[in-house]
Amino acid sequence: MIKDLVYILIILAIVLAQVSFLNPAFFGVNLVLAALVALVLTRDFKISILIAWLAGLFMDVNKITPFGLSALVLISVLFSVTLIRRFFLSLRRLRNIAALGLAAAILARLTTFIFLNLEAYFKNGAYEKIGFYFWNWGFLLELAVFPLMVIILFKLLFNAQTETIKFSNRT
Amino acid sequence: MSRQDLIIFFILFLAAVLIIISNQTTPALWMRGFLTNMAVWPETFLSAARNFFSFWFDIIKNLRSIKIENQTLTKENLELKAQLFNVRNIEKENDLLKNQLNLGYKNNWKFIAANIIGRDYQNFRSFFVNNGRKSGIDRGMAVVGEGENVIGQVILATENTALIRTIFDPETKISAVAKNNKITGLVKGLGLDIVLDLMLKSKEIETQDLVTTSGQDGVWPRGLIIGKVLQVERHPNQILQTIRIQSLLDWPNLSTVFILKPS
């Protein structure tokens, strides 16, 4: 219980650091998502998803996108990552984490595009081009850096050893 | 994944969908306001830390150029002091003429300063500032930066904070003019770029031309700077041309904005 509270505080601190300290000029990578992916790989799904939901709402305070969208995106990505983890954990460990991070980065942009444009389409009958999310340098940078960040956070922040993650605990 | 995990996921999923659907209702706005109030102090502290870090990082990075610039500026300062006397006289004359022509729009607006304390992490489409309704800021007010460059518009204001949608956002549309009011068009955000649209191909416009607000949309006062022309795109089969605009602001290092309140 105390450990879960510590994780909540860590993730909220990362949220605040991301929206106030880091910005597109410094680092356009979603640090919060990286921490949450690392969390869901090491902790209980229920706790991780609750923290993700709360972190998403805090992130939305700073965004012009509809309030609640980041929460929806984050829990959807974590759910997807948890589903595809079974496949990835049958491969070599460290590479798996990087692959899951890569999948999470792509899924985060894809789900943001889908949910945001669904809302915009039903509300205004308009939608954005998918290229805005995928056809830019920011996305390429994210693909390059994000898996690395997930591995670092996985190893350091949650003090996890990939070898100790038992597949049986996840099912 | 257990059945309990699935149930919790779907409950949170539905809760998030419900919040999105009921975005403008009192409970959703209350929740947003509550989280905003919780985040405002740590975000103010962290953004101050960021500004401090950014300031010293820039100084260390540009130490040599700052020294050279300082020498140039000292020289320029002396020349400017001499010119200042003449400018003051011209200013007085200008104010008199503006009042006579009823063009003194700046006198009708109050500038409320606010510091940026939160940003969207991947783009410049929105900012979160540490000043809100308490200072008279309200939804729909125009926001400018240094040198009266257009930044965007307030889309949400709580007691102590405000959310600003910038000119990069696709929802932004500003009535604009170029070439000393000779050419009019509509400035739109494209997410990462700004364009001047709905302009006839017959209208000649060149790179580096200044684009300003026309004041016809009732949001932005006339004469605010949007940017300069970066690129003109003309396609053979279209009667309209698209002009890419470059904002004159240093967006990555933006820390203070001014909200225009009608006085």
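Two strands count as paired if DSSP finds at least two bridges between them, and helices (H or I, at least four residues) and strands (E, at least two) are DSSP runs numbered from the N terminus. With that in hand, welcome to the close-ups. The model is predicted, with local features needing pLDDT of at least 70, side-chain atom pairs counting only at pLDDT 80 or more, and totals for chains, interfaces and linings using all residues. Residues are numbered from 1 along each chain as its sequence is written, chains are lettered from A and ligands numbered from 1 in the order in which they are written, and side-chain values use heavy atoms, with hydrogens and water left out.

**View 1. A closed barrel of 6 strands in chain B, in the order E6-E7-E8-E11-E10-E9.** The pairing in this barrel is antiparallel. On average, neighbouring strands of the sheet are turned by 40° against each other, direction ignored. Axes here are lines fitted to C-alpha atoms, for helices over the stretch in contact, and angles run from 0 to 180 degrees between N-to-C directions. Strands E6 (residues 173-178) and E7 (residues 183-189) of chain B are joined antiparallel by 6 bridges. Look for Ala178(B), which sits opposite Ile183(B) of E7(B).

**View 2. Strand E11 of chain B and its partners E8(B) and E10(B).** E11(B) covers residues 240-246 and pairs with E8(B), residues 194-200, in the antiparallel sense over 5 bridges. With E10(B), residues 225-233, E11(B) again runs antiparallel, joined by 5 bridges. E10(B) and E11(B) make a hairpin, with 6 residues between them. A handy landmark is Arg244(B) in E11(B): it is the bridge partner of Val195(B), and Gln231(B) stands opposite Arg244(B) as well.

**View 3. Helix H2 of chain B, from residue 26 to residue 61.** The helix has 36 residues and reaches 48 Å from its first C-alpha to its last, close to the 52 Å expected at 1.5 Å a residue; the expected span is 1.5 Å times one less than the number of residues. Where is the kink of about 40°? The kink lies at Val40(B), shortly before the proline Pro42(B), the bend at a residue being the angle between axes fitted to the seven residues ending there and the seven starting there. Buried residues of H2(B) include Ala28(B), Arg32(B), Val40(B), Glu43(B), Arg50(B) and Ser54(B). Buried means under 20% relative accessible area, exposed over 50%, and partly exposed in between (1.4 Å probe, protein chains only).

**View 4. Asn117 in helix H5 of chain A.** Chain A has 8 helices and 0 strands, and buried residues make up 58% of its 171 residues. Helix H5(A) spans residues 93-124. Is Asn117(A) buried or exposed? Asn117(A) counts as buried because its relative accessibility is 7%. Its side chain reaches the backbone oxygen of Phe113(A) at 2.7 Å. Setting aside neighbours within four places in sequence, Asn117(A) is in contact with Thr112(A), Ala126(A), Tyr127(A), Glu128(A) and Tyr133(A).

**View 5. Thr42 in helix H2 of chain A.** This helix covers residues 31-42. Thr42(A) is buried, with a relative accessible area of 17%. A polar atom of the Thr42(A) side chain lies 2.9 Å from the backbone oxygen of Ala38(A).

**View 6. Leu12 in helix H1 of chain A.** H1(A) runs over residues 2-20. Leu12(A) is buried, with a relative accessible area of 19%. Beyond neighbours within four places in sequence, Leu12(A) is in contact with Leu54(A), Ala55(A) and Phe58(A). The C-alpha atoms of Leu12(A) and Met59(A) are separated by 9.3 Å, although these residues are 47 apart along the chain.

Notes
A polar contact is a pair of N or O atoms within 3.5 Å; within protein, one must be able to donate a hydrogen and the other to accept it, and residues adjacent in sequence count only if both atoms are side-chain atoms. Contact means heavy atoms within 4.5 Å.
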